[in-house]
Amino acid sequence: MTLQIGTHTLENRLFVAPMAGVTDRPFRMLCRELGAGYAVSEMVTSRKELWGTLKTSRRANHDGEPGPIAVQIAGTDAAMMAEATVYNIERGAQIIDINMGCPAKKVCNKWAGSALMRDEPLALEIVQAVVDAAQPYNVPVTLKMRTGWSEENRNAVKLARDFESAGVQMLTVHGRTREQGYKGSAEYDTIAAVKAAVRVPVVANGDIRSPEKARDVLAATGADAVMIGRAAQGRPWIFREIAHFLETGEHRAPPLVAEVRRLLLDHLVEHYALYGDYSGVRTARKHIGWYVRTLPDGEAFRGRMNTIEDCGEQLRAVGDYFDGLADRMDRMPAHQADEELSGEEEAACAVD
Ligand SMILES: Cc1cc2nc3c(=O)[nH]c(=O)nc-3n(C[C@H](O)[C@H](O)[C@H](O)COP(=O)(O)O)c2cc1C
């Protein structure tokens, strides 16, 4: 089933969540190849003085990426957000997504990300400024938020209505409040209430880690799509597994070890190309760790990875590890539905 945002038709209703420090271009492209219908980029700051930095230019790298190119922006000032909108559109963004979802810290003495939900007039002012800036380019604006500021202030429904009136064309809701961070479980009643309150597509997000959970969340919320973040770390094929299950009601067999070996090695090569050898070998460690976390001797292998500082050596070690694994098993282990998701977001999510 497809989904429309402005003039863009999305291939299916399984989205990769934006994750700063994770969903860079190589990872987004891998998820798309493995069944995700849509991928939002990592957040780009609205602070102009940081646009020239290596971090921002890497985040704005969309070379070869299948469209639509969706860029997420974050900030606390309406005029700066409008400028960031134009800047990113002129560099290829086809959809602008506003971040009101991160539990980020204070930036320039103001609250960014989901904290904006506490200041409704400012949130609305920002949204209107971004919509107005994108409108001449016919670029749709979408927004990602939480269920509210705190348990007592779950204002997602009110804000969703206001944002829709301001011209936002799709809303994603992570089923936690800002105060919760990553604690507790995501709840889906508020997402269902948002869906019932607006006409634009609504995307449900939070704690979806299995095909059954995706099916249940879609049914419970009536959402138009689900967005998956942490469960895709080291397991980008989760999208095709969910797609298969939603289509057939049957589980697709886990991937062959040989396929994952190839996917991971290709992923690493793309990763080094984006980050360069020095940063590449270091930032690749977390991805490798996620791929092997549930595999035999995965912990020990992860430890060994931290001592390797050369890309070629890292590639060889990963190749050898998966060759050894292929001698022991054909397919990756079936996923455990109750596997813990960790919320190591705070540092990566800093707006600068
Ligand atoms: C490492 C990490 C970085 C994240 N960065 C962003 C971000 O840049 N923008 C955003 O809107 N949400 C960000 N998030 C939140 C996710 O998009 C998502 O809402 C959250 O992880 C819940 O979904 P999940 O349970 O499927 O992981 C981040 C989450 C993680 C774990």
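**View 1. Polar contacts across the interface of domain 1 and domain 2.** The rule picks out 6 residue pairs in polar contact here, both partners at pLDDT 80 or more. A polar contact is a pair of N or O atoms within 3.5 Å; within protein, one must be able to donate a hydrogen and the other to accept it, and residues adjacent in sequence count only if both atoms are side-chain atoms. Bear in mind that this is a predicted model: local features need pLDDT of at least 70, side-chain atom pairs count only at pLDDT 80 or more, and totals for chains, interfaces and linings use all residues. Residues are numbered from 1 along each chain as its sequence is written, and side-chain values use heavy atoms, with hydrogens and water left out.

**View 2. The domain 1 face that touches domain 2.** Two elements give two or more residues to this face: α1 (25-33) and α2 (54-59). α1 gives the most, with 5 residues. Helices here are DSSP runs (H or I, at least four residues), numbered from the N terminus.

**View 3. Salt bridges between the domains.** The count between domain 1 and domain 2 is 2 salt bridges, each a side-chain nitrogen of Lys or Arg within 4 Å of a carboxyl oxygen of Asp or Glu. One of them joins the side chains of R25 and E270, at 4.0 Å from N to O.

**View 4. The two domains side by side.** The domain assignment (automatic or database) gives domain 1 (3-248) and domain 2 (257-348). Their C-alpha centres sit 27 Å apart. For contacts (heavy atoms within 4.5 Å), 30 residues of domain 1 meet 25 residues of domain 2.
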